[in-house]
Amino acid sequence: KVSAEEAKEAYQKVSKEQVAAIEFMKQRVSVFQKQLLSQASVKTFNEGIMVETMLRPIESVGCYVPGGQAAYPSTVVMTVVPAKIAGVPRVVVCSPCDAEGKVNPLVLVAADVCGASEVYKVGGAQAISALAYGTETIEPVRKIVGPGSKYVTAAKVLASTDVAIDMPAGPSEVLILADQYADARLIAADMISQAEHGTDSVAALITTSEKLAGEVQESLAKLAATAPRAEKVAESLSKYGFIITCENLQEATKLTNQFAAEHLEVLTANAKEVAQNLVAGLILIGPYSPVALSDYASGTNHVLPTGGFAKAFSGLSAVDFMRRVSIAECSKAGLDKAKSNIKVLTETENLPNHYKAVEARFQK
């Protein structure tokens, strides 16, 4: 477990600008999540029946923060802040340590700024196991969230029979849907920014323009050769990068939805209209909405479904840290109006005592 002294010491190893940037991101995420929660409760009245949905926080959650190849304080913000907004009393962070047994100081500072209850020096599949089943040091949690490697994702899926998880969130992806009006240089820059996540990241383009496809290839060759972390970028692009040219936007849209990317950038004419028919974890519209914006400044969450799971899963939010409990209350008149239909349905399902329980309320 990370001690209070280690957490305090971490502040001496980071700059004021870095702390301010973490607080900035926390504020952006908090505003969006509070607004989301304010609209999540429902109360309806229908012929004497009141139905209300109450939101209750999960008792404990575990937030996995990757740390093998880089430090990700942003993931701390994206997982811990929504949990705190939801009112989760125990928020645990697990993140790998270095050879000296130290968790990255930026991760520790972010965990402190965001209000994590506990931080543990453990990563990989073993961290998921510890959070799910407990160890001598770590008490188990009710739900596990956060992205990770393919091994972390596999562990979460296996553990999901015993503990709730957010989604299968594996290696990161960006897919760019573009037409002939898009800027090849910006597309190449965004693909490279995604490729630097790791050698298993996906950076791709689907376009209706052969000319643009060629221009993007040329820009990638130029920019990737001189980019920071060039070796990692080159390996990622060569393994998992792709460019596909489609005959028309309809075909491109269909293929885009089949892929169901984690991040989807839409760089087309009438991008807002096009986006209405798209499937993705997060959709970014226009040339001034790169993935980097959503990662650090927009207030949206960057813990998103990958590997096509966006077809059925949503990005992480404060709602994911809540249990929805429905409350129903009915007047005698309301039950009287409903009882004839209840009788038909109980007879249909051969549950006669269900109706007798209703009927008893009108007998003297």
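Guide: By class, 14 nonpolar, five polar and four charged residues line the second largest pocket. Ala, Val, Leu, Ile, Met, Phe, Trp, Tyr, Cys and Pro count as nonpolar, Asp, Glu, Lys and Arg as charged, and the others, Gly among them, as polar. The model is predicted: local features need pLDDT of at least 70, side-chain atom pairs count only at pLDDT 80 or more, and totals for chains, interfaces and linings use all residues. Residues are numbered from 1 along each chain as its sequence is written, and side-chain values use heavy atoms, leaving out hydrogens and water.

Visitor: Which helix gives the largest share of the lining of the second largest pocket?

Guide: Helix 2 does, with five residues; helices here are DSSP runs of H or I, at least four residues long, numbered from the N terminus. Nearest the centre of this pocket lie Y72, S74, H197, D295 and Y296.

Visitor: How does one read the faces of a helix?

Guide: An α-helix has 3.6 residues a turn, so residues three or four places apart point the same way. In helix 6 (residues 150–159), V152, T153, A155, K156 and A159 are buried, that is, under 20% relative accessible area. Seen down the axis, these buried residues fall within an arc of 160 degrees (taken from the directions from the helix axis to the C-beta atoms), so they line one face of helix 6. The face turned away carries K150, Y151 and L158, which are exposed (over 50%).

Methods. Buried < 20%, exposed > 50% of the residue type's maximum accessible area, 1.4 Å probe, protein only. Helix = DSSP H or I, 4+ residues; strand = E, 2+ residues; numbered from the N terminus. 1 Å grid on protein atoms, 1.4 Å probe; cavity = no way out; pocket = protein on both sides within 12 Å on 5 of 7 lines; lining within 4 Å.
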